[in-house]
Amino acid sequence: MASNTERNVVVELRDLKKYFPVKSQTLIGGMGDTVKANDGVSFKIYEGETFGLVGESGCGKTTLGRTIIRLEKPTGGQILFDGHDITRMSNRNLRPLRTDMQIIFQDPYGSLDPKQTVGQIIGEGLLAHKMFKKGPELEEYILDIMDKCGLDDYMIHRYPHQFSGGQRQRIGIARSLALDPKFVVCDEAVSALDVSIQSQILNLLKRLKDEENLTYLFISHDLSVVKHISDRIGVMYLGEMVELGGAEALYNDPLHPYTKALLSAVPTTDVQRKGEKIILKGDIPSNVHPPSGCRFHTRCPLATEKCRQEVPIWEEAKPGRFVACHHYEQTKEMG
Amino acid sequence: MADKKNRKEQHYVAEDQIEDLQGKELSAEEQRRLDEAREKELERLEREDVVISPARMVWNNFKARKITMIGAGMFLFIILFSLLLPVFLPEIETDMANRRVGPSLFFWREGHYLFGTDNHGRDVFLRVADGGFVSLYVGAVATFISVIIGTIIGSVSGYFHGIIDNILQRFTEIVRAFPFLPLVITLSAAIGADLDEDERIFLIMVILGVIGWTGLARLLRGQILSLREQEFILAARAMGVKNFQIIAKHIIPNVISLIIVSATLQFAANILVESGLSFLGFGVQEPGNSWGLLLRQGTRDSSVIQNQPWLWFFPGLFILATVLSINFIGDGLRDAVDPRNVRR
Ligand SMILES: Nc1ncnc2c1ncn2[C@@H]1O[C@H](COP(=O)(O)OP(=O)(O)OP(=O)(O)O)[C@@H](O)[C@H]1O
Ligand SMILES: [Mg+2]
């Protein structure tokens with residue numbers, strides 16, 4: 001990944017923070033605690049790559065994906081999209097940029113309005129941005145997109161309830177591609193589907209990426225899916241990014257103990273990747289009052305006194321490999 | 001050609017199987033059969049290129065239930081009876097020669113009346129038809145008022161949650177807790193005497209409307225709160241669709257059925273309350289006319305109750321039939337729009 005420096009940066013995050021207020025029980029609602037869904041995340045996504053994001057449920061992947069495209073207002077830090085600082089940009093100024101950033105959702109049922117036809121769903125963004133007027137040209141364009149996404153012409157006037165989960169996911173993909181975006185967040189885009197359908201949709205996403213010059217942020221809790229599609233992978237734990245690196249490198253030689261534990265839990269037929277499954281002790285700690293020092297220390301087999309007290313810095317351990325761990329040299333011997 | 005016919009039959013088999021199996025506790029074998037039948041149905045829809053809109057689906061669900069269709073039929077009859085019939089019938093006149101005549105099936109003959117006459121010799125049939133108009137009218141206008149208020153307050157509360165929501169909710173609770181019956185009775189006693197008949201009816205409609213919206217507001221608020229978190233709303237926001245467009249294109253179409261159902265049930269409730277008030281003497285009064293008032297006049301004292309039962313029986317029957325039929329329709333609608341009852 002030495003060529004990274006010359007490639008265009010589509011998204012750059014600098015110390016991004018997103019806190020949610022904890023719902024208070026009182027009527028007036030005092031200044032309560034906050035859920036630290038994202039707490040200081042920094043990385044870049046380069047043009048044309050698929051950036052995989054993994055981590056346990058609740059670690060803040062969805063929040064990160066939504067904050068990047070400003071469906072949520074960030075609490076702190078900075079988001080640069082295609083050179084524009086969109087951190088505090090008003091909705092009105094964001095509107096023209098919205099065609100460049102899109103999202104594909106997990107739930108093939110909740111993500112399509114049951115009261116609209118497939119044609120209306122796909123055409124909505126085009127009409128909102130006045131890229132087309134209602135009429136045969138719009139329909140032509142919609143049919144074209146549908147065709148690319150593996151949907152037949154006759155489906156255009158049908159309603160979502162008439163489709164299977166995989167087809168619905170194709171409709172959601174067609175909707176986000178209609179605006180001809182640069183950057184697409186795929187939030188667990190295949191997690192709700194059968195395994196056989198999963199690979200179809202993954203292949204579709206791969207093909208579209210090449211045809212349309214897309215950049216993906218591919219979010220999933222399923223490491224095998226992420227590895228299959230990603231160029232680089234970021235691993236999140238409790239609102240922070242703990243490791244980032246090229247997909248192959250990270251997979252073969254995890255630097256963070258958490259990454260190693262996650263990988264050991266992936267069922268594999270790969271004979272070379274021998275080794276026991278590493279079982280993490282304890283539960284995921286609260287993200288309202290996260291542990292001191294390294295957030296992972298409560299569950300880490302390598303934890304020492306230092307981990308309890310000092311927050312590990314985010315450093316480039318090897319070229320293109322970032323990690324936040326005091327003892328990453330020892331990860332190899334772990335397990 | 002034969003092939004086509006064969007397919008048609010196949011699909012009916014599949015549809016029947018789905019109906020037989022739906023909603024029951026199923027064994028693994030039956031579950032498999034149900035899945036298979038569903039799959040066949042989907043395939044058929046594919047082949048025949050059938051487009052089923054959500055509205056069409058609701059209608060299919062609605063007419064599938066007998067009791068709902070009976071309700072709809074009854075209600076249609078009552079509408080014709082009370083709204084249309086009075087236009088063609090003669091004026092109601094007092095006729096001292098024909099007082100307190102019992103009901104008769106030979107109503108076309110001189111001196112015979114289908115529903116009998118009251119103690120001024122007025123034809124009860126005509127009075128029930130005419131009174132029905134007032135009862136339905138008052139109920140409908142009151143419902144209209146409360147639907148408007150409830151929709152506005154519920155939607156605003158749900159869509160712009162936070163402080164606005166908090167204030168509106170407290171306000172809703174206050175209105176809910178308001179002792180409404182004593183208020184109407186006091187108002188009616190205090191200013192009722194100074195009002196003419198139209199003003200009284202107007203007052204009743206407004207009061208019924210102004211207190212009746214809280215249920216709908218709460219229902220809508222909850223629905224919209226969960227709707228706005230739905231991913232299709234997020235998708236629209238991600239595409240840069242404006243707030244106003246999101247409300248018009250996504251929120252309203254998804255709650256309109258809820259509003260209609262709620263309005264139907266509210267309508268029935270309003271007819272009952274109006275009848276109750278008039279029955280107690282705090283609603284419509286002479287020279288006005290409504291089912292509640294007729295009921296009041298038919299139960300003036302025990303001798304009237306015993307000797308002229310037709311005076312209370314017919315208005316009572318019509319109140320009962322109206323409220324029942326509207327409730328049947330409302331329940332049927334509620335089931336029909338419930339996404340869990342998908343009948344393709
Ligand atoms: N709108 C919100 N209000 C309050 N808390 C929220 C909100 N959205 C997310 N959170 C909290 O932020 C944390 C991170 O949630 P998020 O959905 O981003 O996790 P995730 O990694 O996507 O999990 P999953 O794998 O289950 O999708 C969770 O603790 C969640 O409860
Ligand atoms: Mg998520």
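Mentor: Bear in mind that this is a predicted model. In chain B, residues 24 or more positions apart account for 69% of the contacts with a separation of 6 or more.

Trainee: How many helices and strands are there in chain B?

Mentor: Chain B has 14 helices and 0 strands, and buried residues make up 41% of its 344 residues.

Trainee: OK, let's take a pair of those helices. At roughly what angle do α9 and α11 of chain B cross?

Mentor: Helix α9 (residues 214-227) of chain B and helix α11 (residues 243-280) of chain B cross at roughly 155°, and their axes come within 11 Å. That crossing angle makes α9(B) roughly antiparallel to α11(B), and the crossing of the two is right-handed.

Trainee: Which residues make the contact?

Mentor: From α9(B) the contact is made by B:L216, B:L219, B:L220, B:Q223, B:I224 and B:L227, while α11(B) contributes B:I251, B:N254, B:V255, B:L258, B:I259 and B:S262. Sorted by class, this contact of α9(B) with α11(B) has 9 nonpolar, 3 polar and no charged residues.

Trainee: And α5 with α14 in chain B, how do they cross, right-handed or left-handed?

Mentor: α5(B) passes α14(B) in a right-handed crossing. Here helix α5 covers residues 124-159 and helix α14 covers residues 310-337 of chain B, and their axes come within 11 Å and cross at roughly 35°. The contact is made by B:V124, B:V128 and B:L136 of α5(B), together with B:W310, B:L311, B:F314, B:P315, B:F318 and B:T322 of α14(B). In terms of class, the contact of α5(B) with α14(B) has 8 nonpolar, 1 polar and no charged residues.

Trainee: Switching to chain A, how many residues of strand β9 are buried?

Mentor: In strand β9 (residues 232-237) of chain A, 6 of the 6 residues are buried, so the strand is largely enclosed by the rest of the structure. Both faces of β9(A) are covered, with A:R232, A:G234 and A:M236 buried on one side and A:I233, A:V235 and A:Y237 buried on the other.

Trainee: Which strands does β9(A) pair with?

Mentor: Strand β3 (residues 50-54) of chain A runs parallel to β9(A) and is joined to it by 4 bridges, with A:V54 standing opposite A:V235. Strand β10 (residues 240-246) of chain A pairs with β9(A) in the antiparallel sense over 6 bridges, and there A:G234 stands opposite A:L244. β9(A) and β10(A) form a hairpin with 2 residues between them, and A:L238 in the turn has a positive phi of about 50°.

Trainee: What about β8 of chain A, which strands is that one joined to?

Mentor: β3(A) is joined to β8(A) by 4 bridges and runs parallel to it, with A:L217 as the bridge partner of A:F51. Strand β7 (residues 183-187) of chain A also runs parallel to β8(A), joined by 5 bridges, and the bridge partner of A:C186 is A:F218. Strand β8 (residues 215-219) is mostly covered, with 5 of its 5 residues buried.

Trainee: Last one: is A:P96 buried or exposed?

Mentor: A:P96, which lies in helix α2 (residues 91-98) of chain A, is exposed, with a relative accessible area of 56%.

Definitions and conventions:
Residues numbered from 1 in each chain as written. Chains lettered and ligands numbered in written order. Predicted model: local features only at pLDDT ≥ 70, side-chain atom pairs only at ≥ 80, totals over all residues. Heavy atoms only, no water. Axes fitted to C-alpha atoms, helices over the stretch in contact; angles between N-to-C directions. Parallel < 35°, antiparallel > 145°, perpendicular 65-115°, else oblique. Left-handed = near helix turned anticlockwise from the far one by under 90°. Contact = heavy atoms within 4.5 Å. Nonpolar A, V, L, I, M, F, W, Y, C, P; charged D, E, K, R; others polar. Buried < 20%, exposed > 50% of the residue type's maximum accessible area, 1.4 Å probe, protein only. Pairing = 2+ DSSP bridges.
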